[in-house]
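This briefing is intended for a reader who is meeting the structure for the first time. Please keep the sequence and the three-dimensional view at hand while reading.

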Amino acid sequence: MDAREQLRRYLEQRRELGESEFVLDGLSVEDAMRVLGAASGTGDWRAALKAAGATPAERSAPAVAPLAPKPSPASPPRVEAASAAPEPRPAPASEPAAPPKGSDGAPPSGLVVGTASHELFGGNQPRFNSLEEIAAAVAACTKCGLYKGALNPVPGEGNPNAEFMCVGEAPGAKEDETGRPFVGQAGQLLTKILAAINLTREDVFIGNVLKHRPPGNRNPLPDEIAACSPYLIRQIELIRPKVILALGTFAAQTLLDTKLSIGKLRGQVHRYYGVPLIVTYHPAALLRNPSWKRPTWEDVQLARRILDDARARG
Ligand code: SF4
């Protein structure tokens with residue numbers, strides 16, 4: 001594989017694990033040169049980096065420019081956090097962090113956002129009484145600039161009485177073309193993941209934090225999240241699912257109002273206004289990193305167990 005392609009994939013893995021910066025000092029010169037296909041032990045690493053298209057920087061600065069900054073979450077304030085410990089560096093992409101276990105073997109409780117009795121959608125926002133009203137409002141929305149470059153709005157779709165809700169980041173190219181969420185390659189994988197826990201797309205509701213596609217699939221910006229989040233929040237409030245599955249770092253961090261990495265957020269039962277929320281990898285990340293399939297399987301099994309428990313309780 002081309003060295004630049006390897007480097008690009010590596011950086012994407014770091015971003016998917018929640019990192020926003022890549023510092024060359026954390027990678028030995030030998031490792032960096034190996035990634036770039038340079039001979040070991042000889043030559044100038046700066047020249048090797050330059051030949052691969054990167055801009056060498058001073059030792060104290062990141063050798064590769066920081067990736068796009070993580071948007072600050074726009075979800076309502078977290079009222080309780082499971083841990084305030086500083087976040088360790090995430091595990092390598094090929095070795096996802098193992099989900100922590102409770103003393104009784106049950107998944108530990110995670111972050112809590114809001115309270116079960118609180119209305120999710122307050123303030124000065126207009127009230128929407130149905131998912132159709134939200135879809136119509138999204139179609140006419142000009143609250144941020146994303147509508148200008150998008151072909152179609154992608155408000156989300158599925159069972160209005162869904163017990164299981166999937167929330168991703170933002171529409172991609174296929175979704176933009178069709179106006180439907182998760183219909184590209186990643187969407188096909190999501191359909192298979194759902195089938196593995198005996199759910200169909202018709203059983204669930206699938207949506208994104210953003211309802212219009214960011215140009216070039218770039219990361220959403222904080223003001224875009226702030227403008228768009230009320231639609232998702234109201235969708236959750238109207239549907240009242242028994243479980244939310246947050247797909248990927250971005251959706252998880254936005255809903256849980258945290259910057260913790262996905263490795264720290266997996267394997268716990270978070271609460272979003274009383275609704276259990278499980279975090280797993282985005283299907284698009286799974287396509288790039290097949291070694292994440294096993295932890296994803298564990299995550300969706302956990303989500304399924306919670307759904308079954310909630311059904312059993314009525
Ligand atoms: S992305 Fe959201 S806030 Fe921005 S224009 Fe579309 S619907 Fe409105």
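The model described here is predicted. Its protein chain contains 12 helices and eight strands, and 40% of its 314 residues count as buried.

**Confidence and overall fold**

- The average pLDDT of the protein chain is 77, and 64% of the residues score at least 70.
- Over residues 39-95 the pLDDT stays under 50, and for this stretch the model has 95 contacts beyond four places in sequence.
- Of the contacts between residues at least 6 apart in sequence, 77% join residues at least 24 apart.

**Helix α9 and the residue after it**

- Helix α9 spans residues 249-256 and is mostly covered, with eight of its eight residues buried.
- The buried residues are T249, F250, A251, A252, Q253, T254, L255 and L256.
- D257 follows α9 and has a positive phi, near 55 degrees.

- Strand β8 covers residues 275-280, and six of its six residues are buried, so the strand is largely enclosed by the rest of the structure.
- V275, L277 and V279 point one way from β8, whereas P276, I278 and T280 point the other way; all are buried.
- Strand β6, residues 243-247, runs parallel to β8 and is joined to it by four bridges. In this pairing, L245 stands opposite I278 of β8.
- Strand β7, residues 269-272, pairs with β8 in the antiparallel sense over three bridges. Here H270 is found opposite L277 of β8.
- The hairpin of β7 and β8 has two residues between the strands, and Y273 takes a positive phi near 50 degrees in it.

- In soluble globular proteins, nonpolar side chains tend to be buried together.
- The largest nonpolar core of this model has 60 residues, and M165, V167, V209, I244, L245 and A246 have the most contacts inside it. Helix α8 supplies the largest share of this core, seven residues.
- Which residues is A246 in contact with, leaving aside its neighbours within four places in sequence? They are V167, A251, A252, L255, L277 and V279.

**Around the ligand**

- There are 13 residues around the ligand, of which C141, C144, H212, A227 and C228 come nearest.
- Two elements give two or more residues to this shell, namely α5 (146-149) and α8 (222-239). The largest share, three residues, comes from α8.
- By class, the shell has eight nonpolar, two polar and three charged residues.

**An exposed position**

- D309 lies in helix α12, which spans residues 293-313.
- Is D309 buried or exposed? It counts as exposed, because it has 12 C-beta neighbours inside 10 Å, and a residue with 12 or fewer falls in that class.
- D309 and K242 are 67 residues apart in sequence, and their C-alpha atoms are 9.6 Å apart in space.

Conventions. Residues numbered from 1 in each chain as written. Predicted model: local features only at pLDDT ≥ 70, side-chain atom pairs only at ≥ 80, totals over all residues. Buried ≥ 20, exposed ≤ 12 C-beta atoms within 10 Å, placed from the backbone. Contact = placed C-beta atoms within 7 Å. Near = placed C-beta within 6 Å. Nonpolar A, V, L, I, M, F, W, Y, C, P; charged D, E, K, R; others polar. Pairing = 2+ DSSP bridges. Core = buried A, V, L, I, M, F, W, Y, C linked by C-beta atoms within 7 Å. pLDDT = per-residue confidence, 0-100.
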